[in-house]
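Welcome! Here is a short tour of the structure shown below, arranged by topic.

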Amino acid sequence: MIEYVSVILPYVTTILLISSIYAVFALGLNLEWGFTGLINFGHAAFFAIGAYTTVMLNISGCPLVLSVAAGVVLAGLFGLLLGIPTLRLREDYLAIVTIGFSEVVRYILLNEEWLTRGPFGIHGFERPLQDVIPYQYYNTFLLILFVAILGIVYLSIEKLVRSPCGRVMKSIREDETVPSALGKNVFSYKLQSLAIGSAIAGLAGAMLAFYLQYIDPGTFKPIETFHAWIIVVLGGTASNRGTIVGALILWTFFSATKFINPYLPFTSHQMGAFRMIMIGLLLMLLMMYKPEGIFGKKEELALSD
Amino acid sequence: MERKRNSHYLIDPDPVTLMDILSVRNLRKHFGGVKAVDGCSLTIRAGTVVGLIGPNGAGKTTVFNLISGFEKGSGEIIFKGRRTDNLPPFKVAQCGMVRTFQIPRALTKMTVLENLMLAPKAQAGERIWNVWLRRKDVKEQERQIKEKSRHILRFFEIAHLEDEYAGALSGGQKKLLEMARAMMIDPSLMMLDEPFAGVNPTLSQKISEYIDELRGGGMTFLIIEHDIPAITRISDRITVMNEGKILTEGAPDEVKQNREVLNVYLGGEG
Ligand SMILES: Nc1ncnc2c1ncn2[C@@H]1O[C@H](COP(=O)(O)OP(=O)(O)OP(=O)(O)O)[C@@H](O)[C@H]1O
Ligand SMILES: [Mg+2]
């Protein structure tokens with residue numbers, strides 16, 4: 001029994017930790033795509049900007065809270081910067097530009113060694129209250145912290161999407177001609193959505209760094225953007241609750257496949273591919289039997305014209 | 001001196017420019033070889049209802065698109081004394097006009113009530129920080145807007161559908177929703193593209209009366225309509241378009257007698 005607790009508990013804690021990080025990350029995307037209809041294929045870039053800004057500032061002596069704040073703000077600013085030239089154009093331009101941006105960011109992180117230490121990555125930065133919390137309880141503390149952050153982000157986004165501001169965002173998702181004809185500055189709302197979504201990804205980046213204690217450019221491959229999309233689609237587009245559940249399902253699934261790896265005739269590399277195949281199958285099944293996602297509203301899907 | 005005295009007399013030989021809410025000069029829009037709008041000029045006096053009629057493809061909707069800023073062509077558009085032809089649609093709308101679309105644009109995955117509540121301009125809660133900083137104002141305003149929405153929904157006889165997704169409405173109901181949403185704004189100029197098409201007769205009658213009432217309150221209307229009896233009944237003036245040009249303009253009775261109009265549009269002997 002004791003052994004059971006001592007094995008299972010850390011395992012569950014790990015799943016919850018990583019799920020809460022990805023839930024925050026995907027909530028940012030859900031605001032952009034689920035509520036505003038923006039197609040961002042470079043969400044991982046903002047994840048990276050948040051993480052790198054936080055840890056780089058911190059190792060050069062900046063207090064941790066300020067470092068995180070800077071990471072969040074910088075990720076949001078890059079969202080603005082990317083949105084200004086693209087969001088006035090047709091919607092697919094944002095998709096194309098964000099894919100490119102995401103790779104550019106990763107190559108900069110990889111090649112500008114004087115700044116980012118390149119492929120060696122960064123470790124040795126501070127973690128929240130690391131001197132106060134005893135080591136054996138640290139992950140539990142981190143989990144409480146992350147769940148609290150997730151709760152705040154979730155409640156804030158819920159409040160936003162139910163406000164008149166969120167109503168304008170949803171109308172843009174539906175048909176931006178309508179809000180334009182009613183005198184709403186569509187461009188400005190799209191920009192705000194992208195900036196906030198990106199800032200939230202930046203916050204998730206800082207969380208990821210605290211959890212991993214080490215980051216390198218490989219941490220932020222395009223697959224991370226894809227993970228966020230899977231989470232949003234799985235949970236149900238435009239459902240914040242669904243996004244959280246989606247994150248939990250995805251990471252439970254990932255760790256479960258790790259768990260059974262020893263019983264399968266795969267190398268860990270093959271296992272990675274196998275997992276993606278499984279995810280693909282899962283999504284196909286979802287599309288066949290519950291295309292609106294777990295928490296999505298069926299009417300909303302059926303009504304698209 | 002002479003001029004000043006003249007202005008005391010209430011006879012004005014040509015339209016008093018101050019009272020022109022909209023004036024359009026030499027408007028042009030070509031789509032490839034199609035001259036959709038080909039040198040249109042028209043003037044609308046504040047507080048009147050102007051009907052815009054003409055055969056299919058005459059360019060009426062394109063005129064609407066140009067005035068509301070959704071299409072850019074050439075020519076001059078002056079709305080309430082301000083050039084608007086180079087403004088984006090939302091800025092034109094903010095100047096105080098609202099338009100509906102011939103094919104209704106319901107926000108399908110939003111409820112009927114949400115469709116209406118979106119419309120009013122300058123809502124406090126549309127500014128993101130106010131959602132947190134001015135909770136009370138936002139809440140109070142939401143209450144008022146909801147009340148007004150319900151009032152208008154009742155008028156258009158779709159109040160029982162307020163919680164339905166707009167995508168679930170019938171074609172005619174979407175038309176009503178489109179109009180109801182426009183009525184949520186109190187614009188100086190309301191442009192309706194075929195408001196009576198697909199709407200049942202009793203409701204058409206009711207809408208006509210409502211337009212009349214709003215005109216009495218000082219609102220100006222520009223209305224595209226193929227329902228000739230209805231449009232002649234509510235209009236003060238009628239403009240007829242054909243092949244991108246203005247054919248004639250005048251009081252409804254004059255226009256109905258016009259030979260050219262009979263030929264190209266109304267048909268028969270009238
Ligand atoms: N976006 C467009 N691209 C190409 N041609 C267009 C476009 N919009 C309108 N046209 C053309 O311009 C002409 C005028 O169209 P418009 O929609 O203004 O007519 P209308 O007077 O509103 O007709 P209806 O009474 O049938 O609604 C038509 O010949 C149409 O084919
Ligand atoms: Mg038309």
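A residue is called buried under 20% relative accessible area, exposed over 50%, and partly exposed in between, using a 1.4 Å probe and protein chains only. This is a predicted model, in which local features need pLDDT of at least 70, side-chain atom pairs count only at pLDDT 80 or more, and totals for chains, interfaces and linings use all residues. Residues are numbered from 1 along each chain as its sequence is written, chains are lettered from A and ligands numbered from 1 in the order in which they are written, and side-chain values use heavy atoms, with hydrogens and water left out.

**A loop residue in chain A**
- Pro119(A) sits in the loop between α5 (113–116) and β1 (122–123) of chain A; helices (H or I, at least four residues) and strands (E, at least two) are DSSP runs, numbered from the N terminus.
- With a relative accessible area of 41%, Pro119(A) is partly exposed.
- Setting aside residues up to four places away in sequence, Pro119(A) touches Leu110(A), Glu113(A), Tyr214(A), Asp216(A) and Pro217(A), where contact means heavy atoms within 4.5 Å.
- Pro119(A) and Gly218(A) are 99 residues apart along the chain, while their C-alpha atoms are separated by 7.8 Å.

**A nonpolar patch in chain A**
- Val7(A), Ile8(A), Val12(A), Leu16(A) and Leu248(A) make up a nonpolar patch on the surface, with about 350 Å² of accessible area together.
- Patches consist of residues with over 30% relative accessible area and no salt bridge, joining like charges within 9 Å and nonpolar side chains (Val, Leu, Ile, Met, Phe, Trp, Tyr) within 5 Å.
- A salt bridge is a side-chain nitrogen of Lys or Arg within 4 Å of a carboxyl oxygen of Asp or Glu, and accessible areas come from the Shrake-Rupley method with a 1.4 Å probe; for residues, only the protein chains shown count as cover.
- Helix α1 (residues 2–34) of chain A gives the most to this patch, with four residues.
- Val12(A) is found in helix α1 of chain A and is partly exposed, at 36% relative accessible area.

**The sheet in chain B**
- Four strands of chain B form an open sheet in the order β2-β1-β4-β5, with antiparallel pairing; two strands pair if DSSP finds at least two bridges between them.
- At the edges stand β2 (34–45) and β5 (82–83) of chain B, each with a single partner strand, so one side of each has no neighbour in the sheet.

**A buried residue in chain B**
- Val131(B) lies in helix α5 (residues 130–133) of chain B and is buried, with a relative accessible area of 4%.
- Beyond its neighbours within four places in sequence, Val131(B) is in contact with Lys159(A), Ser163(A), Cys165(A) and Gly125(B).
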